[in-house]
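Here's a quick walk through some helix packing and a pocket. Have the structure open while you read.

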Amino acid sequence: MTVSPLTQAQPSAPQPELVLVLGAGGARGLSHILVLEALDELGLKPGLIAGSSMGAIVGAAYAAGLSGRELREHVEVTFRDRARVIARLLDARVGKFADLWRGFGNPVLLDGERLLDLFWPEKVPDRFEELGIPFLSVATDYHLHEEVVLGNGPLTPAVAASLAIPGLVRPVTIGGRVLIDGGAVNPLPYDRLLAPGRIVLAIDTSAPAMVSDSRVPEPLEAIVGVSQILTRALVQRMVERHPPDILIRAGGESFGGLDFFKAQAILDAAAPVKEEVKRKLSQALEKRA
């Protein structure tokens with residue numbers, strides 16, 4: 001029997017590649033974990049992950065094969081013990097308080113690589129090539145004022161560079177370039193990843209403007225706060241100019257970049273994000289079918 005061309009089974013369109021982009025945001029970036037849980041529950045695995053600053057920390061761990069639930073449990077256990085966290089932070093310091101009285105040095109400056117070794121799950125490998133999902137870490141060249149995308153070689157220094165907020169985390173030198181916080185130039189690095197055949201899911205955890213307040217921030221709070229202001233402004237301009245396929249705003253309204261001891265509250269507040277991710281991804285996939 002001859003089958004008419006009209007009744008022959010048509011080959012299904014290829015599934016679009018999912019690209020996950022996790023943005024900067026300090027402690028607010030813990031809400032990325034809810035997005036990862038949503039992907040796990042949908043049974044979707046990104047073909048590529050890119051992250052900036054806190055997004056790089058979470059993205060690298062997910063690319064290493066940790067599930068969203070495993071990352072949630074790791075965060076909950078880590079920040080439950082405040083004394084232990086403070087001890088780890090002190091251990092990661094570069095400077096000494098004695099330096100302050102000598103007129104040089106920064107007694108609170110942290111070594112980003114040591115910080116990651118202290119707080120990352122053991123499952124995270126040493127090199128990009130050992131990750132289960134291709135991953136890109138975005139940093140900034142301090143001297144050339146340009147974006148640097150790192151995707152091969154040693155993983156820890158690359159992510160440490162991406163989170164190196166000036167005045168808080170020491171810059172990292174890679175390939176002769178002095179690198180700082182990726183959020184300085186591209187806090188939500190989706191723009192160069194947009195392409196036909198892809199669905200780019202970008203998670204913005206930058207802080208929205210808060211209610212006017214006369215309280216003067218503490219010095220460390222101000223350092224991170226300025227970074228948050230710049231991050232939000234940069235993301236807004238990017239989205240207005242050329243938005244990603246899917247944009248999710250996460251991080252809550254009342255959390256700051258240093259609120260790591262509010263980890264449980266941040267995770268709880270981000271709960272609605274899971275359903276938003278599932279709904280928008282389902283809609284995007286239906287359109288591409």
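At what angle do the axes of helix α1 and α2 cross? They cross at roughly 30° and come within 10 Å. This is a predicted model, where local features need pLDDT of at least 70 and side-chain atom pairs count only at pLDDT 80 or more, while totals for chains, interfaces and linings use all residues. Residues are numbered from 1 along each chain as its sequence is written, and side-chain values use heavy atoms, with hydrogens and water left out.

**Helix pairs**

Helices here are DSSP runs (H or I, at least four residues), numbered from the N terminus. Axes are lines fitted to C-alpha atoms over the stretch in contact, with angles running from 0 to 180 degrees between N-to-C directions.

| Pair | Axes come within | Crossing angle, roughly |
|---|---|---|
| α1 and α2 | 10 Å | 30° |
| α1 and α10 | 8 Å | 45° |
| α4 and α6 | 9 Å | 150° |

Angles under 35 degrees count as roughly parallel, over 145 as roughly antiparallel, 65 to 115 as roughly perpendicular, and the rest as oblique. So α1 and α2 are roughly parallel to each other. α1 passes α2 in a right-handed crossing, meaning the near helix is turned clockwise from the far one by less than a right angle. On the α1 side, H32, L36, L39 and D40 make the contact (heavy atoms within 4.5 Å), and G55, V58 and Y62 do so from α2. That contact has four nonpolar, two polar and one charged residues; Ala, Val, Leu, Ile, Met, Phe, Trp, Tyr, Cys and Pro count as nonpolar, Asp, Glu, Lys and Arg as charged, and the others, Gly among them, as polar.

Now for α10, which spans residues 271-288. The crossing angle of roughly 45° makes α1 oblique to α10, and α1 passes α10 in a right-handed crossing. L34, V35, E37, A38, L39, E41 and L42 of α1 meet A271, V273, K274, V277, K278 and L281 of α10. By class, that's nine nonpolar, no polar and four charged residues.

With axes crossing at roughly 150°, α4 is roughly antiparallel to α6. Their crossing is right-handed. V85, R88, L89 and D91 of α4 touch R114, L115, L118 and F119 of α6, giving five nonpolar, no polar and three charged residues.

**The largest pocket**

A pocket is an open set of points on a 1 Å grid over the protein atoms alone, where a 1.4 Å probe fits, with protein on both sides within 12 Å along at least five of seven lines; lining residues have an atom within 4 Å of a point. The largest pocket is lined by 45 residues, with F79, L89, L110, L115 and F260 nearest its centre. Elements giving two or more residues to that lining include α4 (82-91) and α6 (112-119). The lining has 31 nonpolar, nine polar and five charged residues.
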